[in-house]
Amino acid sequence: MALQESLLPNRGSAIKRRRSLWFRIHLDPWLLGLLFLLLLSGLLILYSASGQRLPVVTAQVTRLGVAIVTMLVLAQLSPGALYRWALPLYLAGFLMLVAVEVMGDVGMGAQRWLVIPGVVRFQPSELMKLAMPMMVAAYLHRRPLPPRIRDILVCALIIGAPIMLIARQPDLGTSLLVACAAIFVLLLAGLSWRLIAFLGALAAAALPLLWLNMHAYQRQRVLTFLNPESDPLGAGWNIIQSTTAIGSGGMQGKGWTLGTQSQLEFLPERHTDFIIAVLGEEFGLIGMVLILALYLLIVIRGLVIANSAQDTFGRLVAGSITLTFFIYVFVNIGMVSGILPVVGVPLPLVSYGGTSSVTLLAGFGILMSIQSHRRLLAR
Amino acid sequence: MSKRRETLKDPEQEVRVFRNRSMLAVVLVLLMSVGLVARLFYLQVVQHEVFITRSDKNRVRVEPLPPNRGLLMDRNGQLLAENRPTYNLTIVPERVDDLDATLNLLVDILDLPDTDVATLKKRSRQRQRPYQPALLLSELNEEQIAQLAVNRYRLSGIEVEAQLLRYYPDADLMSHVLGYVGRINAEEVKTLDKGNYAGTHFIGKTGVEREYEDVLHGQAGLRKVETNARGRVLRELGRTDPVPGQNITLTIDKELQQLGYELLDGRRGSIVAIEPASGEILAMVSSPGFDANLFVTGISHKDYQGLRNNPDLPLYNRAIRGQYPPASTIKPFEALAGLENGIITPNTTIYDPGFYKLPEHSRRYHNWLRWGHGRVNMRRAIVVSNDTYFYNLSHELGIERLAEFMHRFGFGEETSHDVHGAASGVMPSDEWKRARYGQVWFPGETLSVGIGQGYWLSTPLQLATATAVLANRGNWIAPHLARRIGDEPLTLPETKQNIELANDEWWDLVNKAMEDVMTGSEGTGRRSGQDLAYRMAGKSGTAQVFTLANDERYDAAELEERLHDHALFVAFAPIEKPEIAVAVIVENAGGGSSNAGPLARKMLDAWILREDKAELPDEPSDASEEV
């Protein structure tokens, strides 16, 4: 438990002296260090996964730069400010989702982008990933906990409306993850076990209904997941190639930039959603366990911060963000290694792509804000 | 945060609940992580061997390397069949964004009025595995290649690929000899050595190309290559080079072949010339010819119908499959049969009143000269081509002995060494007729056969062969088309027994009679025998196509062209040491002496009096020294 000890919030008198410096710049050194370690590992893998194209890596560095700045800025805001921003952000996100529904840009066969010509292309669902747990946490902040039925119903409304819109885009994966973030808030708030069991049963009962409302390609993904060999050159190709990549990596891997599956382009989407297969092929089980350990340390640090938060809003938001982060990791690795169906979820902070990195690091910015503003709130 | 609400909240309990829940979350997170690691352990350690094999199979591909097909040359080394680089258009549909749009664009820019998008679409699906290029079009021209280059950016997934394609420079006159190659069809695939033909698209269909397929094809090589997911070859891991097919030097003399083709001048007919001493076929013309190049990549329906519906049947190889009554050209052979069987002596004479009657029959079998040739002996019977003499001879000989003797000269048999698809003709006999028609042989039928008509059919190749054997004084050498395979001269197996006559001088007698055909005052071929620079033996023949009723007279002017007699002529020269034997048939041309004789003479002149008459070496001098 030595690890646990060191990650625990600063209590000892010796640390108090150091604490003041990090507190003044409102950053959490543990989290920051772990995140940078992860980002650097990610860039290393990305270089190999992109077919050793440096421009791809520099483009990613630029995007990560934006994301890091976002994180640093958010860390400066006080949790109180974040609490006040929860409702406006949520409403803005909701309105933009409506706008996408009405006039959104169709990209890759789905309506996900909101475009203000010449200014920005924006996915409102990304905003919702943060705004949603903040909104639910802000609502519960003023309520007695564990939440009562009336509050739960209000929360269901807060959660349900945007989820429906995102699912209609159609982006089932994101809508489930956004819902997940909100549900984590409810669970951490102490949703009673009876209610959890009831809702779980309800969800199970709703599955057939969900199946009926799925698009053909979504159903295909599930079917392919159940039996990838049924269509080895079509939908099953991705999963067969990614498991082959990981499996052929063995214990030690084939070596950096030497993975034949990845370098010879057998592996599809190798620098985006399937990047972990490149790591698995080139660094083997050892590399996989190390990167997973890095993720786990971040998650544990996140939960430690959540536990040391001094108000309901901070606790719930920090806990939800941390657990959602882990869910991304689990869903991505599970999908690439073939134990979950293929859903378009990138590997957090490693996959190529700007939007998701900004959202994720913004989340960690909120965590740092909660961690480093504690004294001020503790009056 | 109003006071009332604060009283309702219980921070202590909240913190406790949150701590419990997050501890539970940590446990779940760890469990899920253990699940992931277990899965990864299964993939990377337990199943590692399976996946490493699969990933190698993914990237390493064995590609066949087709051998280059052997070339065909005439006896002087002139190229008759070569391999030309051509350009094919291939498509990898996986790399095409919009197949219909791309194909439409292709039809547009390549100017393909005959090809519709549906056909191209069908072709784009004809392949064995994904990411393998499918053949869309072959033999692109320069302009099309340029157009493709210009529009390349709009045509992802489309590639221009070089390939060697068979080409026959003198197709019209050579097609029947060489045959041609074509795409391997489903039937052929069943019998092929799949490994050796894995990268080969074409196979010999007829002629020399078919007969010597094994030699010409060569041995396929292979290479192990590493490819990416799109099938693009990235590097070679190892290779076995293909062994190219062997070149074949044919016995054909292109100049002589060309002369024969020009002499026939598009008329239906055939000329076959053989070097008697060696059995080498110097020329084997079938007219009209056709362009075999049309068949190489697959002939268009229109072209094929054109050839099929041509009344002159250009696809029909008359030289080896055309079966004609040999007519009077067989009279010298028959005279030998009479001598050998003791039916006649050189001095035996008969009186020809213009017809022959079987004993106790009233039907008259007419001589071609209605008023008869008077008294004729064997020599004169050959020179004037008297029918009555040979009616009598064949009657006394009988069909069995006649057929037996003619078989020795190869009539009714396929005797060639390597002429693919040669027909055996018909040498009729009692037994043959029973088998064929279930009827007995009538004595009158022997008389028809006796003048080379009736059931007797032979191909021009057979006539030329028999003439060569006659010129050889009975020495049998199988006619053949290959002179040298690779660097090795062809070795001929002994096929037929040499013809030994009781008296060797009979050869000279018959040859002399055939010389008199050309030079004697009565000789039927005397107009073709003027100003000879060498001693020439010949015999004319006129084959009836249309059977005249008894006592009916043949009047060319009244008959349709297709019912006109076939003109035949056989000849060899020089008599002392024959260098060439030739058989000429011109369909429906009329009398043999005037219509086929001059052609035979020109062939002999061209061959015997050619300027570069130096003996060809049998061994290639350079190659044998180097080895």
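A crossing of two helices is termed left-handed if the near helix is turned anticlockwise from the far one by less than a right angle, and right-handed if clockwise. The structure is a predicted model, in which local features need pLDDT of at least 70 and side-chain atom pairs count only at pLDDT 80 or more, while totals for chains, interfaces and linings use all residues. Residues are numbered from 1 along each chain as its sequence is written, and chains are lettered from A and ligands numbered from 1 in the order in which they are written.

In chain A, helices α6 (residues 124-141) and α14 (residues 312-336) pack with their axes 8 Å apart, at an angle of about 150°. The two are therefore roughly antiparallel (an angle over 145 degrees between N-to-C directions). The crossing of α6(A) and α14(A) is right-handed. Residues of α6(A), including A:Pro133, A:Met134 and A:Ala137, meet residues of α14(A), among them A:Phe313, A:Leu316 and A:Val317, where contact requires C-beta atoms, placed from the backbone, within 7 Å.

The contact between the chains takes 43 residues from chain A and 37 residues from chain B. On the side of chain B, α2(B) supplies the largest share, with 19 residues.

Elsewhere in chain B, ten of the eleven residues of helix α17 (residues 387-397) are buried, so this helix is largely enclosed by the rest of the structure; a residue is buried if 20 or more other C-beta atoms lie within 10 Å of its own. Among the buried residues of α17(B) are B:Tyr389, B:Phe390 and B:Leu397. Just after α17(B), B:Gly398 adopts a positive phi of about 80°. Helices here are DSSP runs (H or I) of at least four residues, numbered from the N terminus.

Terms used. Buried ≥ 20, exposed ≤ 12 C-beta atoms within 10 Å, placed from the backbone. Contact = placed C-beta atoms within 7 Å. Axes fitted to C-alpha atoms, helices over the stretch in contact; angles between N-to-C directions. Parallel < 35°, antiparallel > 145°, perpendicular 65-115°, else oblique.
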